[in-house]
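Visitor: I would like a short tour of this model, with the pockets and the ligand site taken in turn.

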Amino acid sequence: MSQSRIPGFYELPMAERRIRIADFARTTPDELAAALDFGGIDPAAADNIVENVIGTYALPFGIALNFQVNAVDRLVPMVVEEPSVIAAASNAARMVRRGGGFLAEQPEALMIGQIEVHDVPDAVRAAAAVDGAREELLRRAVEAAPGLVPYGGGPRGLEIRDLGGGYVVVHVLVDCCDAMGANMVNTVAEALGPRIAELTGGSLGLRILTNLADRRRVRVSCRVPAAALVGRDRRTGQGGPDGAAERGVEISAAIETASRFAEADPYRAATHNKGIMNGVDAVAIATGNDWRAIEAGAHAFAARSGRYRPLSIWRRDGDALVGTLEMPMAVGIVGGTLRVHPAARVALKILAANSARDLAFALAAAGLASNLAAVRALATEGINRGHMALHARSVAVTVGASGREVDALVDRLVHGGVITLDAATEALAAIRDGR
Ligand code: MEV
């Protein structure tokens, strides 16, 4: 089995990185180049996706390493403009790997279509009428989305909700298999609308899926040995410093405290969840999925108790730190953008996602890894040091440092506190002169 751990990957030239990734993903560097050069999509294709196109807009496409999800190594493609997200996720995934990787599950994968009727004269009778017509309505639903049935999907059930004030909402539950399914669910909802209005005696209102896809939730967890939370010295490659076990326990405690802060305070929970979405959105964008839908579902789910809460929690358990994340994950590996976006298709190939479920698991794992990296940094050295080191690294490479010079220059810049091209040029000259 190929390993998602590729030591020194960040130091390789891009062409070499492509060779490594192509090797893992059973593709070729040429195929990667064809899909990723020129921003991943050409203007003519873009012109067929949305309206009034005048060009395309590219973002960096990188690979998060070290992921192991349900015992399978995965390279996780990420599209993101924020420095350090990919490095941080890779780093956290390496820590999680030492505890056996991520465990993910999805007990059911149903999308919900809403059919709303209003001015219903008697909600109790309306609910009874819809209930009595379940079989007929489900038959109509199957007729509206016949394509799902051969794949083992299709409509699965109906739920009736009385919102008060004459509003009745019928939910139709649909298994969309490997598609995100928005169009199919909307088609089913529209097909049932008139009959539901008739049964309830109300006026037909909206027919559309809900992004609060709480019947398509994923749950991912990890158990990180405390000692794995202690940083590794990048230059020596050694595990943590002496006293790693105690330091690891201190870091676990600090992360648990940070988690409890988010659980107690919606202001912190919003930022905690932003750290999760750094990972989730980056993978969603890379794989051509609707990240606004995922965002909407995530935040609605976070507020489901009436108070906005973190999507993940962290607790110490013996000499380990245990993290759990649960959130709706309405994603697909077929249809939509994937038909027309070469970079999204290659992203799925790199991820080796053979089902929507594989993809949902990888997204959630990327979210939990990003979250771990953020709260670990915040609860220990603060977020800026890591950001500064990455910034210094890119400045070091820009001024021409190579090989071992990069680390030496990064150290000088970070310790000197001034990270500019001028300072880096001067410091590099000093290193080369042995000063
Ligand atoms: C920055 O993109 C994300 C963080 O603010 C997340 C967090 O505070 O947990 C660092």
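**Pocket and ligand site**

Guide: The second largest pocket lies between domain 1 (9-105 + 218-380) and domain 2 (110-209), because both give residues to its lining. Those bounds come from an automatic or database domain assignment. The model is predicted: local features need pLDDT of at least 70 and side-chain atom pairs pLDDT 80 or more, while totals for chains, interfaces and linings use all residues. Residues are numbered from 1 along each chain as its sequence is written, and side-chain values use heavy atoms, without hydrogens and water.

Visitor: Which helix gives the largest share of the lining of the second largest pocket?

Guide: A pocket here is an open set of points on a 1 Å grid over the protein atoms alone, where a 1.4 Å probe fits, with protein on both sides within 12 Å along at least five of seven lines; lining residues have an atom within 4 Å of a point. Helices are DSSP runs (H or I, at least four residues), numbered from the N terminus. Among the helices that each supply at least two lining residues are α7 (182-200) and α10 (291-302). The largest share, four residues, comes from α7.

Visitor: How many residues line the second largest pocket, and which lie nearest its centre?

Guide: By class, the lining has 23 nonpolar, 14 polar and three charged residues. Asp, Glu, Lys and Arg count as charged, and Gly is among the polar ones. The lining comprises 40 residues, and nearest the centre are G288, N289, W291, T337 and H341.

Visitor: What share of the ligand's exposed area does the protein bury?

Guide: Residues around the ligand (a heavy atom within 4 Å) include E82, H272 and L378. Ligand oxygen atoms lie 2.7 Å from a side-chain N or O atom of R268, and 2.7 Å from one of K274. Another such distance, to the side chain of N278, is 2.9 Å. Alone, the ligand exposes 300 Å² (Shrake-Rupley method, 1.4 Å probe), and the protein buries 84% of that.

Visitor: Which helix supplies the largest share of the shell around the ligand?

Guide: Two helices, α9 (266-286) and α12 (356-379), each supply at least two residues of the shell. The shell has three nonpolar, four polar and three charged residues. The largest share, six residues, comes from α9.

Definitions and conventions:
A polar contact is a pair of N or O atoms within 3.5 Å; within protein, one must be able to donate a hydrogen and the other to accept it, and residues adjacent in sequence count only if both atoms are side-chain atoms.
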